[in-house]
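This report looks at salt bridges. Please view the sequence and the structure below before reading on.

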Amino acid sequence: MTVWEIGRSIGNRVAEGVGRMASRVQESRPLGADLLESEDAYLVVFDAPGVEKHDVQVRFVDGDVLVRMDRFREFYEDFEMRFPGRGLSLDGRVRLPDTNVDAGSATATLKENGTLQVHVPKREVEPDATTVEIEETEAELEDDVDVGADDVENVDPDEPAGHA
């Protein structure tokens, strides 16, 4: 093995090690995302470059939109991997400000521009239809109240209310 071949071998190993470290750093950071709101829905837009539809999982848990993406590297004939710097397993999480949403009707669309759009409709808030019954008080309740002379405020009937 020549000095040039040894140098190239060491260079390849260093580039590969740095690339793997870069991909691990990318995998440890959450995906970039934007949260948008309209009157009737939320739209969460995640960066999703290089992802295929079947490699994306979207869930809604406790008011959060959770995304998991698994990418795969394509192999190119006649090329050797020198710097594997792209993370392959990417996660993202966005908390919705309102939990009154219809997560069961949410949709996710993977766009050609490398974004994943998650549309989460809001639920319509209907007025509470519960009727509360009003009970009449019985006269004997008034007899049970004991008011002492110290509890009674002297009020002049000719003076307007709120003035002493």
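## Terms and model

A residue is called buried when its relative accessible area is under 20%, exposed when that area is over 50%, and partly exposed in between. Asp 91, at 32% relative accessibility, is therefore partly exposed. The model described here is predicted.

## Salt bridges in the model

Side chains of opposite charge can pair when their charged atoms come close. A salt bridge is counted when a side-chain nitrogen of Lys or Arg lies within 4 Å of a carboxyl oxygen of Asp or Glu. The count for this model is five salt bridges.

## Asp 64 and its partners

One of the salt bridges joins the side chains of Asp 64 and Arg 95, with an N to O distance of 3.4 Å. Asp 64 belongs to strand E4 (residues 64-70) and Arg 95 to strand E5 (residues 89-95), so the pair links distant parts of the chain, 31 residues apart.

Asp 64 is buried, with 4% relative accessibility, whereas Arg 95 is exposed, at 53%. A network of salt bridges links Asp 64, Arg 93 and Arg 95.

## Arg 68 and its partners

Arg 68 meets the side chain of Asp 91 in a salt bridge of 3.1 Å, N to O. Because Arg 68 lies in strand E4 and Asp 91 in strand E5, this pair ties together parts that are 23 residues apart in sequence.

Arg 68 also forms a salt bridge with Asp 70, where the closest N and O atoms are 3.6 Å apart. Arg 68 is partly exposed, with a relative accessible area of 30%, and Asp 70 is partly exposed at 24%.

How values were computed. Residues are numbered from 1 along each chain as its sequence is written. This is a predicted model: local features need pLDDT of at least 70, side-chain atom pairs count only at pLDDT 80 or more; totals for chains, interfaces and linings use all residues. Side-chain values use heavy atoms; hydrogens and water are left out. Helices (H or I, at least four residues) and strands (E, at least two) are DSSP runs, numbered from the N terminus. Buried means under 20% relative accessible area, exposed over 50%, partly exposed in between (1.4 Å probe, protein chains only).
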